[in-house]
Amino acid sequence: MIPIDPLWLLVLPLLFAMGWFAARLDFRQVQSQQRTDFDELAAGVEALLEDNSQEAMDRLLAAIRQNPEALGLQKALGRYYRQKGLPDRAIEVHLALLGRTPLSDSLREQLVLELAHDYMAAGIFDRAEQSLDLLRPGTLAQQALALKLDLMQRQRRWADALTIAQQLSQAANDPQAYRIERFHFLMELGEAAKAAELISDHPRLQAGSEPVLGLHVCGVCGFQTRRHYWQCPGCHSWDGLHLIQ
Ligand SMILES: [Zn+2]
């Protein structure tokens with residue numbers, strides 16, 4: 001099967017959005033505005049066909065800038081940038097959206113959460129945390145907490161990570177939730193006895209302080225390393241690395 005570039009998924013909704021946008025303007029405005037929008041969009045599609053995704057993204061971004069009604073599309077473009085490893089551009093798109101008024105509370109919250117993901121992907125942890133603190137307790141609380149848990153782990157703030165994992169477990173009404181994570185957070189904090197109450201037969205309880213050497217591969221993300229880590233340096237999952245040589 002031929003792989004479909006996700007940029008194509010952006011193009012179709014843009015066409016619909018521009019039709020709707022055009023219907024709201026008077027005829028003369030429509031003629032000039034529509035031509036510019038479609039010129040940019042056509043150039044973007046052409047760049048896609050030539051497999052020039054940088055050019056395609058620039059053109060689509062220009063088309064979107066001229067078409068401020070396509071909010072969902074802009075959110076999608078921000079997410080696309082992040083997945084392509086371009087968090088700076090995702091930040092640009094999401095900040096530009098947040099700077100616009102009026103925005104509904106719900107959309108603003110979603111954008112702030114996206115922005116927190118962007119900052120996290122860019123390694124700007126303090127801004128990611130500030131963004132999460134802007135969210136009010138509500139519908140996005142679980143997603144915000146889950147992202148905050150990632151954030152604390154990336155910064156090795158194990159006590160904070162433990163607190164958040166406990167909150168998530170309580171919110172899910174599941175005492176087993178995040179059990180492996182909580183076990184390792186306690187081990188990182190030097191609380192082996194409390195960790196053993198969660199998982200009494202975990203090999204880490206018997207392990208020495210020196211890491212096991214040899215080729216290890218992560219079963220979650222495929223990361224390879226010459227020594228063992230309890231937390232994969234590639235995907236940050238716990239207990240994913242296995243000795244293969
Ligand atoms: Zn991994």
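Helices (H or I, at least four residues) and strands (E, at least two) are taken here as DSSP runs, numbered from the N terminus. The structure is a predicted model, in which local features need a pLDDT of at least 70 and side-chain atom pairs count only at pLDDT 80 or more, while totals for chains, interfaces and linings use all residues. Residues are numbered from 1 along each chain as its sequence is written, and side-chain values use heavy atoms, with hydrogens and water left out.

On this basis the protein has 11 helices and 3 strands. Along the sequence the elements read α-α-α-α-α-α-α-α-α-α-α-β-β-β. Of the 245 residues in the protein, 40% are buried, where buried means under 20% relative accessible area, exposed means over 50%, and partly exposed lies in between (1.4 Å probe, protein chains only). Contacts are defined by heavy atoms within 4.5 Å. Among the contacts between residues at least 6 apart in sequence, 45% join residues at least 24 apart.

Confidence comes next, expressed as pLDDT, the predictor's confidence in each residue on a scale from 0 to 100. The mean pLDDT of the protein is 81, with 71% of residues reaching 70 or more. Among the elements, the lowest mean pLDDT (54) belongs to helix 1 (residues 7-23), and the highest (97) to helix 10 (residues 179-188). For residues 20-28 the pLDDT falls below 50, and this stretch has 12 contacts in the model beyond near neighbours in sequence.

With 17 residues (105-121), helix 6 reaches 24 Å from its first C-alpha to its last, close to the 24 Å expected at 1.5 Å a residue; the expected span is 1.5 Å times one less than the number of residues. The buried residues of helix 6 include Leu-107, Leu-111, Val-112, Leu-113 and Leu-115. The buried set also takes in Glu-109, Glu-114 and Asp-118, along with Ala-116, Tyr-119 and Met-120. After helix 6 comes Gly-123, with a positive phi near 75°.

Ala-141 belongs to helix 8 and is partly exposed, because its relative accessibility is 28%. Between helix 8 (141-154) and helix 9, the loop holds Arg-156, which has a positive phi of about 55° although it is not a glycine. Arg-156 counts as exposed because its relative accessibility is 53%.

Helix 9 (residues 158-171) contains Ser-169, a residue that counts as buried because its relative accessibility is 6%. Leaving aside residues up to four places away in sequence, Ser-169 touches Asp-174, Pro-175, Ala-177, Tyr-178 and Arg-182. For Ser-169 and Arg-182, which are 13 residues apart along the chain, the C-alpha atoms are separated by 9.9 Å. One of the residues touched by Ser-169 is Tyr-178, found in the loop between helix 9 and helix 10. Tyr-178, a residue other than glycine, has a positive phi near 60° and is partly exposed, because its relative accessible area is 29%.

What coordinates the zinc ion? Cys-218, Cys-221, Cys-232 and Cys-235 do so, each through SG, at 2.3 Å. Donors are N, O and S atoms within 2.8 Å of the metal (3.2 Å for Na, K and Ca), and since water is not among the atoms, sites may look incomplete. Along the chain, the donors of the zinc ion follow the spacing C-x2-C-x10-C-x2-C. The arrangement is tetrahedral because the 4 donor atoms subtend angles of 105 to 113°; four donors count as tetrahedral if all angles lie between 85 and 135 degrees. For comparison, the ideal angle for four tetrahedral donors at a metal is 109.5 degrees.

Cys-218 counts as buried because its relative accessibility is 3%, and Cys-232 counts as buried because its value is 1%. Cys-221 is partly exposed, with a relative accessible area of 39%, and Cys-235 counts as partly exposed at 27%. Finally, with a disulfide defined as a pair of cysteine sulfur atoms within 2.5 Å, the count comes to 0 disulfides.

Terms used: Four donors count as tetrahedral if all angles lie between 85 and 135 degrees; four count as square planar and six as octahedral if opposite donors are over 155 degrees apart and all others between 65 and 115; anything else is irregular.
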